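Try each task before reading its solution.

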Amino acid sequence: MATETAAQSRTSFDLKSASLPVVAVVLKTTDAAQFAVDLAERVADAPGFFDFDPVLIDLAPVREAEEPIDFAAIAEQLRQQRTLPVAVRGGSPAQMEAARAAGLAAAPDAPPARAEAPAPVEVVREVIREVEVVREVPMPCPGTVVVDKPLRSGQQVYARGADLVVMAVVSFGAEVIADGNIHVYAPLRGRAIAGARGNTEARIFSTCLEPQLVSIAGIYRTTETALPDNVAGKPAQVRLDGEKLIIEPLA
């Protein structure tokens, strides 16, 4: 009877390898308090961006730092922002050991990035302070969400796993988010966040581009830098070229 019970228990589950999409948080400081401030600021720019996503902490920029990293505090800050920190990579042996002691697994280092030639177009890029959030695995974006009413200040629409088409004005203070492309066939005056879950091929289109903020896959630009005259208030698109945010007129 004992042998039969043991045989049954061995068939109650299987062990298999799996690949899952994760958020890579590229750590640029060893100061956990500063990290908390910058993370909260970034999430405030796109509320609802995280949905308890698994997180990989990339330590490559701070690998040579002498200061210890409080992984427990950093992991707790990530949990408070609706993420699930699970692993680290790219750190020194001491950093990796400290991360393991805090309950984080060790992940393989990222492959080196390939160099790309600069594009001969005007580039507008907002430099991110201290913390850079990068989506590791582009997510497929089937389907389309259509909004045919104006979006007023304080309203938000998120097309999860889909493109977003807005047929009316996106007012100042409103926010449109999509995992795929965003099309606004009216003035775009609020915030537009395309490729929200890492789709670097996503684009933003508007027949009248006047945004507070545009973002694709975590690279963003605000109105602190004026739009070029050839796109401000005109039909235009926003796209990524590598890590460069390109804003250009629609032909």
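**Exercise 1.** Is F52 buried, partly exposed or exposed?

Solution. This is a predicted model: local features need pLDDT of at least 70, side-chain atom pairs count only at pLDDT 80 or more, and totals for chains, interfaces and linings use all residues. Residues are numbered from 1 along each chain as its sequence is written, and side-chain values use heavy atoms, leaving out hydrogens and water.
- Recall the cut-offs: buried is under 20% relative accessible area, exposed is over 50%, and partly exposed is in between (1.4 Å probe, protein chains only).
- F52 has a relative accessible area of 44%, so F52 is partly exposed.
- Locate F52: the loop between helix 2 (32-45) and strand 2 (53-58). Helices (H or I, at least four residues) and strands (E, at least two) are DSSP runs, numbered from the N terminus.

**Exercise 2.** Where is N199, and what does its side chain reach?

Solution. 
- N199 sits in the loop between strand 11 (191-194) and strand 12 (204-209).
- Its relative accessibility is 15%, so N199 counts as buried.
- The N199 side chain reaches the backbone nitrogen of E201 at 3.0 Å.

**Exercise 3.** Which residues touch the most other members of the largest nonpolar core?

Solution. 
- Define the core: buried Ala, Val, Leu, Ile, Met, Phe, Trp, Tyr and Cys residues joined through side-chain atoms within 4.5 Å.
- The largest core has 31 residues; L164, V170, V176, I182, I204, I216 and V238 touch the most other members.
- Strand 10 (residues 182-188) gives the largest share of this core, four residues.
- A second, separate core has 20 residues, including V25, L39, V55 and L78.

Notes. A polar contact is a pair of N or O atoms within 3.5 Å; within protein, one must be able to donate a hydrogen and the other to accept it, and residues adjacent in sequence count only if both atoms are side-chain atoms.
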